[in-house]
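Please keep the sequence and the 3D view open while reading.

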Amino acid sequence: MASSLTSTGIVWALLSFVCAAASCVGFFMPYWLLGSQMDKPVSFGTFRRCSYPVRDEVRQTTVMLEQCGRYATFMGIPSLEWRICTVVTGVGCGLLLLVALTALIGCCMSDLISRAIGRAAGGIQFVGALLIGSGCALYPLGWDSEEVRQTCGNSSDQFELGSCEIGWAYYCTGAGALAAMLVCTWLACFAGKKQKQYPY
């Protein structure tokens, strides 16, 4: 089976896939911020939440529904910063995934990824990772929303966690983006084989 990638390119393809998978899984999982409300564990992502209060009409009380789900609408996301974070991080994850899948196909097909295309793919990875990093940087700006304050002991604010803590999904998303930006972008420069010159 012919490959359009050098041995460095194969490492780049595999590492690109791992970085994209880490960022995408972290982005999708609602464990960016961990806290508790009404003695129940609560967690938030950018567009998902686990455990939320609902009104029990039979008992006329508020109870915690312990399940995970997306917000009903985009505007239902608790803060403008989290809405921006959702879009920016989602686009970044899409770019990383696109490059990773293209690189993996390049392992199996000849003449798919040249030196120039490899460098362009590295540039796309850099932009994708930069977008994800921007999303991770924006996320703490939403900690002053009412939903987060209720979960974090009414003491959270922008860049102040209160009684909450950062969850594994936030670190997973950021680590995938950081590795893509620092390592994959550099490896991409050496990923493609030089184009053969055909005399005409």
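## Order of helices and strands

Along the sequence, the protein follows the pattern α-β-β-β-β-α-α-α-β-α. That comes to five helices and five strands. Helices (H or I, at least four residues) and strands (E, at least two) are DSSP runs, numbered from the N terminus.

This is a predicted model, in which local features need pLDDT of at least 70 and side-chain atom pairs count only at pLDDT 80 or more, while totals for chains, interfaces and linings use all residues. Residues are numbered from 1 along each chain as its sequence is written, and side-chain values use heavy atoms, with hydrogens and water left out.

## Overall shape and surface

Along its principal axes, the C-alpha trace spans about 85 × 30 × 25 Å.

Of the 200 residues, 40% count as buried. Buried means under 20% relative accessible area, exposed means over 50%, and partly exposed lies in between (1.4 Å probe, protein chains only). The protein exposes about 10,400 Å², and carbon and sulfur atoms supply 66% of this area. Accessible areas come from the Shrake-Rupley method with a 1.4 Å probe; for residues, only the protein chains shown count as cover.

Contact means heavy atoms within 4.5 Å. Among the contacts with a separation of 6 or more, 66% are accounted for by residues 24 or more positions apart.

A disulfide is a covalent bond between the sulfur atoms of two cysteines. Here a disulfide is counted as a pair of cysteine sulfur atoms within 2.5 Å. The structure holds two disulfides, and with the bonded cysteines numbered in sequence order the pairing is 1-2, 3-4.

Cys 50 and Cys 68 form a disulfide with their sulfur atoms 1.7 Å apart. The link is right-handed, with 105 degrees about the S-S bond. Cys 50 lies in strand β3 (residues 48–56) and Cys 68 in strand β4 (residues 61–70), so the pair ties together parts that are 18 residues apart in sequence. Cys 50 is buried, with a relative accessible area of 6%, whereas Cys 68 is partly exposed at 36%.

Ser 51 is also found in strand β3. Ser 51 is buried, with a relative accessible area of 5%. Not counting residues up to four places away in sequence, Ser 51 touches Pro 41, Val 42, Met 64, Leu 65, Glu 66 and Gln 67.

## The disulfide within a loop

The other disulfide joins Cys 152 to Cys 164, with an S to S distance of 1.8 Å. The torsion about this S-S bond is about -100 degrees, so the disulfide is left-handed. Cys 152 and Cys 164 are twelve residues apart, each in the loop between α4 (146–151) and β5 (165–166). Cys 152 is buried, and so is Cys 164.

Cys 85 is buried, with a relative accessible area of 0%.

For Cys 108, the closest cysteine sulfur is in Cys 107, 6.0 Å away and too far for a bond. Cys 108 is partly exposed, with a relative accessible area of 43%.
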